[in-house]
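Here is a short briefing on one protein model. Look over the sequence and structure first, then read the points by topic.

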Amino acid sequence: VLFVHPRLIDDLCGKAPTGFQTEACSTGNIIILPNPCLFDHSDEFARLTCHEAAHVAGWPGTHGDARRRVV
């Protein structure tokens, strides 16, 4: 999965026909989606996806918080 700024979706996926909007796509084995971290944090799926993407990017499982360990 490749998360990108929504403005890049057309460049990476191709512009949709008139009257339609490209919101995401897949090419080969890559899924291109808008960055979930740019969505409102009241969207639980986007919040969780952003959180887990941060772990993939190197955020530690402890979150630097000694009071809580997330596994």
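**Overview**

The accessible surface of the protein comes to about 5,600 Å² (Shrake-Rupley method, 1.4 Å probe; for residues, only the protein chains shown count as cover). Carbon and sulfur atoms hold 58% of that surface. This is a predicted model: local features need pLDDT of at least 70, side-chain atom pairs count only at pLDDT 80 or more, and totals for chains, interfaces and linings use all residues. Residues are numbered from 1 along each chain as its sequence is written, and side-chain values use heavy atoms, with hydrogens and water left out.

**Fold and burial**

- The protein has 2 helices and 3 strands; helices (H or I, at least four residues) and strands (E, at least two) are DSSP runs, numbered from the N terminus.
- The order from the N terminus is β-α-β-β-α.
- Of the 71 residues, 18% count as buried; buried means under 20% relative accessible area, exposed over 50%, and partly exposed in between (1.4 Å probe, protein chains only).
- Take the contacts (heavy atoms within 4.5 Å) between residues at least 6 apart in sequence. Of these, 38% join residues at least 24 apart.

**N-terminal segment**

- Val1 lies in the segment before strand E1 (2–4).
- Val1 is exposed, because its relative accessibility is 64%.
- Val1 and Ile31 are 30 residues apart in sequence, yet their C-alpha atoms are 4.7 Å apart.
- Not counting residues up to four places away in sequence, Val1 touches Ile31 and Leu33.

**Nonpolar patch**

- Leu2, Leu8, Leu12 and Ile30 make a nonpolar surface patch of about 320 Å².
- Patches are made of residues with over 30% relative accessible area and no salt bridge; like charges are joined within 9 Å, nonpolar side chains (Val, Leu, Ile, Met, Phe, Trp, Tyr) within 5 Å.
- Leu12 sits in helix H1 (residues 9–13).
- Leu12 counts as partly exposed because its relative accessibility is 42%.

**Thr22 in its loop**

- Thr22 is placed in the loop between H1 and strand E2 (25–27).
- With a relative accessible area of 17%, Thr22 is buried.
- The Thr22 side chain reaches the backbone oxygen of Gly14 at 3.1 Å.
- Leaving aside neighbours within four places in sequence, Thr22 is in contact with residues including Ile9, Asp10 and Cys13.

**Helix H2**

- H2 (residues 44–56) has 13 residues and should span 18 Å at 1.5 Å a residue; its end C-alpha atoms are 19 Å apart, which agrees.
- The expected span is 1.5 Å times one less than the number of residues.
- Asp43 caps the N-terminal end of H2, with a side-chain oxygen 3.1 Å from the backbone nitrogen of Phe45.
- Ala46, Thr49, Cys50 and His51 are buried in H2, and their cover includes E1.
- Gly58 follows H2 and has a positive phi, near 115°.

**Salt bridges**

- The whole structure holds 2 salt bridges (a side-chain nitrogen of Lys or Arg within 4 Å of a carboxyl oxygen of Asp or Glu).
- Lys15 and Asp10 form a salt bridge at 3.7 Å, N to O. Lys15 is exposed at 70%, while Asp10 is partly exposed at 28%.
- Arg47 and Glu44 form a salt bridge at 2.7 Å, N to O. Both lie in H2, 3 residues apart, about one turn of the helix.

Definitions and conventions
A polar contact is a pair of N or O atoms within 3.5 Å; within protein, one must be able to donate a hydrogen and the other to accept it, and residues adjacent in sequence count only if both atoms are side-chain atoms.
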